[in-house]
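This briefing describes a protein model for readers who work with its coordinates. It begins with the terms and the basis of the model, then moves from the overall fold to individual helices and residues.

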Amino acid sequence: MNSCFVSSEECKTLSVEELFHRLESSSNGLSDSAAKERLLRCGPNLLEEKKKSVLLHFFSYFWGPIPWMIEFAAILSAILHHWPNLIIIIVLLIVNGLVGFFEEFQAGNAVEALKQNLAVKSLVKRDGIWKEIEAAALVPGDIIRLRLGNIIPADAKLIEGDYFSVDQSALTGESLPVSKQCGDPVYSGSIARQGEMVALVTATGKQTFFGKTAKLVEEAGTVSHFQKAVLQIGHFLIYLSLALALLLLAMQLARGASFLDLVQFVIILIVASIPVAMPAVLSVTMALGALRLSKFKAIVAKLESIEEMAGIDILCSDKTGTLTQNRLELGDPVVFQNGNPETLLVSAALASKKENEDPIDLAVLKGIKNPDLLKPYRQTHFKPFDPTIKRTEATVVAPEGNTFFVTKGAPQVVLALCNPENNHEILSAIDSFAQKGYRTLGVASSGDGKEWHFLGLLTLSDPLRDDAKATVEEAVSHGIRIKMLTGDNLAIAKEIAGNLGIGGKICSAEDLKKLGGEMDGVDGFAQVFPEHKYEIVKALQEKKHIVAMTGDGVNDAPALKQADVGIAVSGSTDAARSAASLVLTEPGLSVIIRAIEEARRIFERMNSYAIYRIAETIRIMFFMTLCILIYNFYPITALMIILLALLNDLPIMTIVYDHTLLNQTPVRWNMPRVLSVSSSLGAIGILESFLLIILAKTYFNLSLDELQTLIFLKLSIAGHLTLFVARTRNAFYFPPYPSPILFTAILGTQIFAALIVGFGLFLHPLPWAYIGYLWLYAVVWMFIEDGVKLFIYKLHESYT
């Protein structure tokens, strides 16, 4: 093959035989060795992504308002020959840059690794055998099978099959699906809406007609409501710090303070007070949360959906595969008027195709105990199941050489083809099986494809998952209502819902308009089509519910997009996975519940961080400003502020690994509660610091240098003890206890702070006894802070 692709124009004009010759392929596909050689020569079926320079990305952490302020403070330190300050400021700058870069780099790698699990798969014929491979490994000349719900992985020409309909709206803007037939081209990125065909790949990757494939996983850059709220807090703290700094600057200049010294001090104070680590904490918390969720077989396609998961109060769950095992079992054949059970089973098997891996087809074929019964027959043509006609059909050559037709599908549809005399008897049997939760298939045969003879019914059942009932009970205990959605009839839906304990009020999807949006009392819906799912989600959202919706088909995509959390269940089509915010790689409702639990823990960590960060800013900025205005001296030096910022920022990064309470109800952002708790903790911190100054001046007769060292150590100790208070709504000495990594980080920084104070490194030394007294003092106040916190939480609970 001289070229790595066939142009779109050539794909249209050249015949299938000419394309086979041009691409050195055949109806049996390429050999594995030929495909590997072409992959090396033509490249993977991917688009080239522009990668950021790692070096430039690293330097970006030293460019921006916060780094500029730190750098300006460093320049002022050099001008004023404050060399210890300069060294520590440079260390602060580098540490902030390294921590931010490393954490975001790790988060990016984690998310990228998860996205790899969402790679599109394609059914390809290699060495004459159908196999599933990643679409990225496709090459021109490959033979692929395209099915309902697939995203077309490459440009191709249709070469075998009856009917195919594709949605090209994402590529061309055409709102309606386009019908295709043998000889027509299909383009990478379009979605198969109906039918099934075999195609010959003509171009891959950047050589495709549109030069791009459909985007399957949204970028993780969208900011969630929760992130926006936390960032708004960050901006508020910055403005508050700047306002207090300007007040301080004006007062001290009026008192005759040195301008350069004062500017340097104020800049360093602002840097220490504002939430420098906030962006890194946000990104790494979300990314590590996504990594944890992947261990529960739930892949987060959109990071911002983690926040929404934490607040889910209604879960609209598919029955099949989520509540049941999605493992169809074939019952005994049911025949009428002296029909032959073996003929019924063989005919149903001949109306199936193993290669399609359709669950019903596989169940029917598995029901044939003796596969030799099928060997004398030759299937010459097969129409797969289509939602519009609700049956399969096959053309078969019998051992005697005559051709006949077989079909299987929805019993009412097959009955309409045959119109047997005992129609009423058959319908009664169908209803009887439905009452017991069985699905039925009608089977018929025809000699000419026009006049059909009804052969009988096959019963199929999908048993409940072993953990389904317990998981439903667990969901209810977590404040989540399960609404079951199923395409099955009302009788089956009621039977399943009753067995699961979901509730008895099951309505038909046809009743949606009658309900008029009043769905709170409904426990589930039967005879649901994909368009109904969208209506159900919209109606529940209008009632202020946060709704999760499960789906697996291409037509589920609108509902998955509309839901607060769209969940593509295990085995979903590519189109469903691309629309969902959470993709499950394992069946069952328990996976979703585990994901919601983890999302609530992540939310709680972010909540704790917000409370701590607000309290610390109030504690440091207000105390410093008031102390300078009242006592006319700097309670701590610029160097101490830098050290304090370093000691605070390093442990706070480990909060993403902390143990948290699991809320038993859906969680939502409660700004009044966060502000009242954090403001109270901050106010107590200010009172605690002023009382220490009074005690030190009155009883200990410390020099200014010693007093500054004492206050520095107090701010360091009390800040981290406040983190222990803020991290839980329980008393701090009750579970959940801090994670080992958080506790070790805080312990390490406090040992370091005690050593530099005790040995006088960079600071005026303090006696070790004073360090011990200060720890006792801070611990006493820690209990006071905790008591106030518990009181405020109780107060808020009484009003809600």
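A residue is called buried when its relative accessible area is under 20%, exposed when it is over 50%, and partly exposed in between, with a 1.4 Å probe and protein chains only. The model is predicted: local features need a pLDDT of at least 70 and side-chain atom pairs count only at pLDDT 80 or more, whereas totals for chains, interfaces and linings use all residues. Residues are numbered from 1 along each chain as its sequence is written, and side-chain values use heavy atoms, with hydrogens and water left out.

**Overall composition**

- The secondary structure of the protein amounts to 27 helices and 23 strands; helices (H or I, at least four residues) and strands (E, at least two) are DSSP runs, numbered from the N terminus.
- The protein has 800 residues, of which 54% count as buried.
- Among contacts (heavy atoms within 4.5 Å) between residues at least 6 apart in sequence, 71% join residues at least 24 apart.

**Helices α12 and α13**

- Helix α12 (341-350) is largely enclosed by the rest of the structure, because 7 of its 10 residues are buried.
- The buried residues of α12 are L344, L345, V346, S347, A348, A349 and L350.
- Helix α13 (residues 359-366) has I360, D361, A363 and V364 buried. These residues lie on the same side of α13, because they cover an arc of only 165° around the axis, the arc being that of the directions from the helix axis to the C-beta atoms.
- The cover over the buried residues of α13 includes α12 as well as the strands β12 (329-330), β13 (378-383), β15 (403-409), β16 (439-446) and β17 (452-461).

**Helix packing**

- Helices α22 (residues 589-631) and α24 (residues 671-700) have axes that come within 8 Å and cross at roughly 35°. Axes are lines fitted to C-alpha atoms, for helices over the stretch in contact, and angles run from 0 to 180 degrees between N-to-C directions.
- The crossing of α22 and α24 is right-handed; a crossing is right-handed if the near helix is turned clockwise from the far one by less than a right angle, and left-handed if anticlockwise.
- The contact of α22 with α24 comprises 20 nonpolar, 6 polar and 3 charged residues. Here Ala, Val, Leu, Ile, Met, Phe, Trp, Tyr, Cys and Pro count as nonpolar, Asp, Glu, Lys and Arg as charged, and the others, Gly among them, as polar.
- Helices α25 and α27 pack at an angle of about 35° with their axes 9 Å apart, and their crossing is right-handed.
- On the α25 side, the contact is made by L710, L713, K714, I717, L721, T722, F724 and V725, and on the α27 side by I771, L774, W775, A778, V779, M782, E785, D786 and K789.
- By class, the contact of α25 with α27 has 12 nonpolar, 1 polar and 4 charged residues.

**Individual helix residues**

- T709 lies in helix α25 and is buried, with a relative accessible area of 0%.
- Leaving aside neighbours within four places in sequence, T709 is in contact with M640, V757, L763, H764 and L766.
- I741, in helix α26, is partly exposed at 41% relative accessible area.
- Leaving aside neighbours within four places in sequence, I741 is in contact with T654 and Y657. The C-alpha atoms of I741 and I655 are separated by 8.6 Å, although these residues are 86 apart along the chain.
- A470 lies in helix α16 (residues 468-477) and is partly exposed, with a relative accessible area of 47%.
- The C-alpha atoms of A470 and S590 are separated by 9.0 Å, with the residues 120 apart along the chain.

**Backbone geometry in loops**

- Most residues other than glycine have a negative phi, and most peptide bonds are trans.
- P735 and P736 are joined by a cis peptide bond with omega about 5°; P736 is placed in the loop between α25 (704-726) and α26 (740-758).
- N419 has a positive phi near 50° and is found in the loop between α14 (411-418) and α15 (423-435). N419 counts as exposed, at 60% relative accessibility.
- F762 has a positive phi near 70° and lies in the loop between α26 and α27 (768-799).
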